[in-house]
Amino acid sequence: MIALAAVLIGLVILVWSADRFVSGAAATAWHFNVPPLLIGMVIIGFGTSAPEMVVSAIASSQGNPGLALGNAYGSNITNIALILGVTALLSPLAVHSQILRKELPVLLAVTALAAWQVADGVITHGEAFVLLGVFTLLMGWTIYQGLRGPADTLATEVSAEHESAGNMALGRALFWLFFGLVLLVAASRLLVWGAVLIAQGLGVSDLVIGLTIVAIGTSLPELASSVIAARKGESDIALGNVIGSNLFNTLAVVGIAGGIAEITVPPEVLGRDVLSMGALALLLCVMGYRRRGQGRINRVEGALLMLCFVAYTCWVLLTSAA
């Protein structure tokens, strides 16, 4: 019960502190005249993936790299299947942004890289640094495309969404930026501690706990921001949150965790988790490119994505019980 309480309290503080951290970061950037698109693609991207990054780094440093890997891959599956599924059910998503349409095949390629790395059963320090290097290059390319290319709907939506950030005083913004980060670290330590105890108590691996409880919990910021954006008609922000978060998770989160400690990968990760992650990325690509001019995720497809999430979760639980 203490471990379960630690996980629940940790998740609540984690989600709240991530929101405060994002608000403080966006407002600070606004005060220093950072372009809106850069705020949306980098600062908000880091902010919504901050729970996964901190949880995985702490888990890896404490000798639980399986929890770190499960958190990253489980969050990717949750983002597409659950978050986009719920969001599309509430409000169908139209894909207007050319930036996002370019990033969809990149997401597929990054997933293929992840499959290649886990195929031999270990993610070494060298492979982790490759992930971080690809992440750095990808972020530079994406920012260059966004700032030097023609006007994009994503920039317009981000600008409208975060124009209120400039109303926050700089001192208050800096306070939430740093205090939010401190709370993120503290909540993550509490969450990892509770999750490891639960895994030990249930007799399952920390990988399974990472793929389920921790992955869903750390994806809550993306769920909240995507639903709110979709209800406002800002479909590109909702989809951008998911694509950006998945790229961050696969490259930066796993890269940081693997850089701290080499990750031993159980055989089922490739045939179950990476396979599911790749299939969902491919399905998202089909939806994003399906029609001329723009892609669309309607309510029926949202329900299909949610069914995929339920099926995957059952698969994880059944195979772990076996």
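Tutor: The protein chain comprises 12 helices and four strands. Please bear in mind that this is a predicted model.

Student: What share of the residues of the protein chain counts as buried?

Tutor: Of its 322 residues, 54% count as buried. The chain exposes about 13100 Å², and carbon and sulfur atoms supply 70% of that area. As for contacts between residues at least 6 apart in sequence, 88% join residues at least 24 apart.

Student: Why are α9 and α10 called roughly antiparallel?

Tutor: The axes of helix α9 (residues 220-231) and helix α10 (residues 235-260) cross at roughly 155°. Angles over 145 degrees count as roughly antiparallel, and α9 and α10 are therefore described in that way. Their axes come within 7 Å.

Student: Which residues make the contact between α9 and α10?

Tutor: On the α9 side they are Glu-222, Ser-225, Ser-226, Ala-229 and Ala-230. On the α10 side they are Ile-237, Ala-238, Asn-241, Val-242 and Ser-245. By class, this contact has five nonpolar, four polar and one charged residues.

Student: What makes the pairing of Asp-273 with Arg-272 a polar contact?

Tutor: The side chains of Asp-273 and Arg-272 are joined at 2.8 Å. The cut-off for a pair of N or O atoms is 3.5 Å, and residues adjacent in sequence count only if both atoms are side-chain atoms. The contact here joins side chains.

Student: Which residues does Asp-273 contact, leaving aside its neighbours within four places in sequence?

Tutor: They are Ile-77, Leu-211, Glu-268, Tyr-312 and Val-316.

Student: Cys-285 is also found in helix α11. How do you know whether Cys-285 is buried or exposed?

Tutor: Cys-285 has a relative accessible area of 10%. The limit for buried is under 20%, so Cys-285 is buried.

Student: How many residues separate Cys-285 from Leu-108 in sequence, and what is their distance in space?

Tutor: Cys-285 and Leu-108 are 177 residues apart in sequence, while their C-alpha atoms are 8.2 Å apart. Leu-108 is in contact with Cys-285, as are Leu-104 and Pro-105, when neighbours of Cys-285 within four places in sequence are left aside. Contact here means heavy atoms within 4.5 Å, whereas the 8.2 Å value runs from C-alpha to C-alpha.

Technical notes: Residues are numbered from 1 along each chain as its sequence is written. This is a predicted model: local features need pLDDT of at least 70, side-chain atom pairs count only at pLDDT 80 or more; totals for chains, interfaces and linings use all residues. Side-chain values use heavy atoms; hydrogens and water are left out. Axes are lines fitted to C-alpha atoms, for helices over the stretch in contact, and angles run from 0 to 180 degrees between N-to-C directions. Helices (H or I, at least four residues) and strands (E, at least two) are DSSP runs, numbered from the N terminus. Angles under 35 degrees count as roughly parallel, over 145 as roughly antiparallel, 65 to 115 as roughly perpendicular and the rest as oblique. Ala, Val, Leu, Ile, Met, Phe, Trp, Tyr, Cys and Pro count as nonpolar, Asp, Glu, Lys and Arg as charged, and the others, Gly among them, as polar. A polar contact is a pair of N or O atoms within 3.5 Å; within protein, one must be able to donate a hydrogen and the other to accept it, and residues adjacent in sequence count only if both atoms are side-chain atoms. Buried means under 20% relative accessible area, exposed over 50%, partly exposed in between (1.4 Å probe, protein chains only). Accessible areas come from the Shrake-Rupley method with a 1.4 Å probe; for residues, only the protein chains shown count as cover.
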